[in-house]
Amino acid sequence: MKKRILYLITFFCISFSSVYGQHSKINAFSKLSSSIIDSLFTPQEDFEYAIKRLYIDIQGREHDLNYSAFRYAYIGYQNMKIQNKLNDKRLLSIIDFTKESGEKRFYTIDLTSKQILYYTYVAHGKKTGMKAASYFSNKNDSNKSSLGFYVTGKTYKGDAGFSLKLYGDERNYNSNAYKRGIVIHTANYMNEDFLKKNGRYGRSLGCPVLPTAIYKQIIETIKEGTMIFAYYNNPKYLSSSKYLKISSLTESNYF
């Protein structure tokens with residue numbers, strides 16, 4: 001009962017206007033796709049409320065996880081799950097590019113155990129910005145990071161050592177990731193000494209580069225069919241991404 005009361009209090013404390021803007025809402029009368037019913041207390045539970053509840057369960061606020069980034073990632077995860085693009089691990093990862101490179105902004109969340117498995121740093125592309133990420137691209141040789149949803153592939157050993165392939169299929173945003181060689185790896189500029197000396201981590205050629213101390217563990221956890229969402233508050237992307245269509249999560253178009 002106490003836990004339920006906490007959910008209700010948090011529900012009313014989070015402002016719809018500041019968190020959602022003009023987002024559509026699935027209410028209790030919508031018929032949700034059967035593949036996401038397991039995310040709810042009951043099939044009749046409000047979908048937006050369920051996302052808030054999950055955010056509390058994973059201690060998102062305590063980990064400085066941007067609620068909007070989490071909400072978008074969760075909607076994208078459900079859409080990708082419906083389209084059979086993901087494995088059965090029920091993991092989702094988020095790169096929050098609204099944070100600077102000296103802040104922890106890479107998250108891997110286990111939706112089954114409802115906990116954040118990894119909360120660490122990640123580098124962005126050289127042409128994306130210095131400390132802050134501001135410029136993104138899908139073009140070859142741009143040296144910029146790309147926004148959007150990715151599916152992880154297999155591991156391999158290449159020029160950057162142990163690495164993880166990434167696949168994106170969002171046109172104009174990340175569909176060239178594989179051709180560009182955008183992969184997860186580590187580098188000598190992703191350690192504490194570099195951060196202390198420069199006030200930021202180093203920058204990549206567009207790859208999401210993880211800290212040397214933990215990158216192998218993360219790669220082994222998220223490889224071969226889990227989702228990564230590179231988030232930035234870009235209205236054009238957020239309104240056009242095919243994975244952020246809430247209507248596709250229902251078996252009817254009634255709201």
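1. In this predicted model, helix H3 passes helix H4 in a right-handed crossing. H3 covers residues 47-57, and H4 covers residues 67-82.

2. Two numbers describe such a pair: the angle between the helix axes and the distance between them. Here the angle is about 120 degrees, and the axes lie 11 Å apart. Angles of 65 to 115 degrees count as roughly perpendicular, and those over 145 as roughly antiparallel. H3 and H4 are therefore oblique to each other.

3. Which residues make the contact? From H3 come Phe47, Glu48, Ile51, Lys52, Leu54 and Tyr55. H4 supplies Tyr67, Phe70, Arg71, Tyr74 and Ile75. By class, the contact of H3 with H4 has 8 nonpolar and 3 charged residues, with no polar ones. Glu48 and Lys52 of H3 and Arg71 of H4 belong to the charged class.

4. The volume of the largest cavity is about 80 Å³.

5. What lines the largest cavity? The lining consists of Ile95, Phe97, Ser145, Ser146, Tyr150, Leu166, Ile182, Gly206, Pro208, Ile228 and Ala230. This lining divides into 8 nonpolar and 3 polar residues, with no charged ones. Ser145, Ser146 and Gly206 fall in the polar class.

Key:
Residues numbered from 1 in each chain as written. Predicted model: local features only at pLDDT ≥ 70, side-chain atom pairs only at ≥ 80, totals over all residues. Heavy atoms only, no water. Axes fitted to C-alpha atoms, helices over the stretch in contact; angles between N-to-C directions. Helix = DSSP H or I, 4+ residues; strand = E, 2+ residues; numbered from the N terminus. Parallel < 35°, antiparallel > 145°, perpendicular 65-115°, else oblique. Left-handed = near helix turned anticlockwise from the far one by under 90°. Contact = heavy atoms within 4.5 Å. 1 Å grid on protein atoms, 1.4 Å probe; cavity = no way out; pocket = protein on both sides within 12 Å on 5 of 7 lines; lining within 4 Å. Points joined across faces, edges and corners; volume = space filled by probe spheres on them.
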